[in-house]
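Points are grouped by topic for reading alongside the coordinates.

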Amino acid sequence: MSDTTHEAVILGGGLAGLCLALQLRGEFPEMDILVLERNRHPLPAAAHKVGESTVEIGADYFDHTLGLRDHMDSAHIRKFGLRYFFCDGRDDVENTTELGVSRILPAPSYQIDRGIFETFLGEEARRRGITFRDGATVKRFDVGEHGVEHEVHYVDADGEHHVTARWLLDASGRAALLRRRFELTVDNGHHANAVWFRMDAKLDIDRWSDDADWRGRVSPPERWRSTNHLTGPGYWAWLIPLGSGAHSVGIVTDAAMHPLDGMRDFELALKWLHTRQPAMGRAIAAERDSLLDFRFLRNYSHDSRQLFSADRWALTGEAGSFLDPFYSPGSDFIAIANTYIVALVGHDRAGRKLAPYAHIYEQLFRSFYASTLSLFRGQYPLFGNAQVLPAKVTWDYAYYWGVLCQLMFQRRLTDLDLLGEMRPELERAQALNARMQQLFRHWHAASNGHSRREMLDQYSLAWFATLNRGLHDTLDDAGIRARLREHVRLLDGLADALTLQAAAVDARLHAPLSGQPRPALFNAAG
């Protein structure tokens, strides 16, 4: 049995663990890091994992924080945004409501092939001097307290190993080694199920119709590069292209509205799609011989009572908390958790007491998590509403780009002076979001939300495109403060505009106006 000592041992070398290792190495070049991954590398290209779609925070984290832009551009697909079709039970997708952008917005995001990406991350970790052991199974571990080091026993092709570590970082995914050890799992009240599978074929939504007008709505005419959401009451289905040439397919449902038993294998899922999304079902049936894998997951969303400890352990990725795939926030919250973990390691290396920082970072993460959870919890019933969901999606984007993205893109997530000074504005934005999520539920109950032939083009909303374009602006201390205040005013005006639209359906939904200028909205959404 070999014995080694490391400053950090990361349990799990998937997306969260390898990204954490690279971020730690970038911040502390001399740090001794061991990553233990049970799967052997290289991984299959279309790996049996979900989480291929990224949005702006995750993309920026990969591109700039980790320095992986060249790989992202060369090995993965530049995404054509998130796109939504209100086509429940409809075979003629071209005659339904479509929400999305007609042109690609400036801030990049990607469709990542997890097998290709994680294999590259493992290679990159080794290139940067990180000890990455694939095919390694953790047999047991002991968590040190009050300054005592942690111990890990694992086995790999070279035999049994015993290691000690100052930091124990859990990125073990749904194995959740630390979360299970300390019984930290929390039911967050969002009960949804998912099934997903990969087809070794391109499922090109642009070819579902030969309608020239419909095809010409977007430029380039490549909707297939979007994360395409096909929505209905209580569910949505996804189509995500992968760099390997495969396509990822999924169905995500409110657990109470669409029982998992009706789609828990490929044949059942295909039968369900033939009923709810017949054009999608037909496209998949034509390629059924190319099926690569199939998986389902019940109650995938969860929280953890604790993520960061002054005893020098932490959780990241699905080993800690997981929200919902609807807006593809998984890599965002990996970036957020990893950034707080790296900051804690920095405080430890500087000799500072960890308890105050662990406490405040926990509070901040939980605030971001709770605000994002509110976008999903109790909202699935309105997903088929072609009037309310476009309004909600536009609000949710504005809230995301306007607040959380600003803190991440400006590297201010741990700027406690800024966060303290801007607390009233940040709390105002959070309260507005809570109010709007409630409004969307009531608005849905009062409206029929019928789908019709129309394109709700988010690119045509000048303020919306400006929000996206400004994500990569470089702001000084005064600039970030001014930007956040400006965006909270924008959210005030947007909340007023959406409330007026809802009140046109049901006067009881009217609320006092803030007096802020109201940004332009889709005429068709009113």
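His229 belongs to strand β13, which spans residues 227-232. Its relative accessible area is 0%, and because buried means under 20%, His229 counts as buried. The model from which these values were computed is predicted.

**Surroundings of His229**

- The side chain of His229 comes to 2.9 Å from the backbone oxygen of Phe326.
- Phe326 is also listed among the residues that His229 touches, once residues up to four places away in sequence are set aside.

**Asn468 and helix α14**

- Helix α14 covers residues 462-469 and contains Asn468.
- Asn468 has a relative accessible area of 1%; it is therefore buried, the limit being under 20%.
- A backbone nitrogen, that of Ala107, is reached by the side chain of Asn468 at 3.0 Å.
- Not counting residues up to four places away in sequence, Asn468 touches Glu56, Leu105, Pro106, Ala107 and Trp401.

**The cavity**

- The count of cavities of 30 Å³ or more comes to one.
- The volume of the largest cavity is about 180 Å³.
- Its lining is made up of 19 residues, of which Glu56, Gly81, Leu82, Leu105 and Ser109 are the closest to the centre.
- By class, the lining residues comprise eleven nonpolar, four polar and four charged.

**Nonpolar cores**

- The largest nonpolar core holds 149 residues, and the members that touch the most others are Leu24, Phe308 and Trp395.
- Helix α11, residues 388-409, contributes the most to this core, with 16 residues.
- A further core of 28 residues lies apart from the largest one; Cys87, Trp214, Ala283 and Ile284 are among its members.
- Leaving aside neighbours within four places in sequence, Trp395 is in contact with Leu432, Asn433, Met436, Gln437, Phe440, Leu491, Leu494, Ala495 and Leu498.

Key. Residues are numbered from 1 along each chain as its sequence is written. This is a predicted model: local features need pLDDT of at least 70, side-chain atom pairs count only at pLDDT 80 or more; totals for chains, interfaces and linings use all residues. Side-chain values use heavy atoms; hydrogens and water are left out. A nonpolar core is a set of buried Ala, Val, Leu, Ile, Met, Phe, Trp, Tyr and Cys residues joined through side-chain atoms within 4.5 Å. Buried means under 20% relative accessible area, exposed over 50%, partly exposed in between (1.4 Å probe, protein chains only). Helices (H or I, at least four residues) and strands (E, at least two) are DSSP runs, numbered from the N terminus. Contact means heavy atoms within 4.5 Å. A polar contact is a pair of N or O atoms within 3.5 Å; within protein, one must be able to donate a hydrogen and the other to accept it, and residues adjacent in sequence count only if both atoms are side-chain atoms. On a 1 Å grid over the protein atoms alone, a cavity is a set of points where a 1.4 Å probe fits but cannot get out, and a pocket is an open set with protein on both sides within 12 Å along at least five of seven lines; lining residues have an atom within 4 Å of a point. Grid points are joined across faces, edges and corners, and a volume is the space filled by probe spheres set on the points. Ala, Val, Leu, Ile, Met, Phe, Trp, Tyr, Cys and Pro count as nonpolar, Asp, Glu, Lys and Arg as charged, and the others, Gly among them, as polar.
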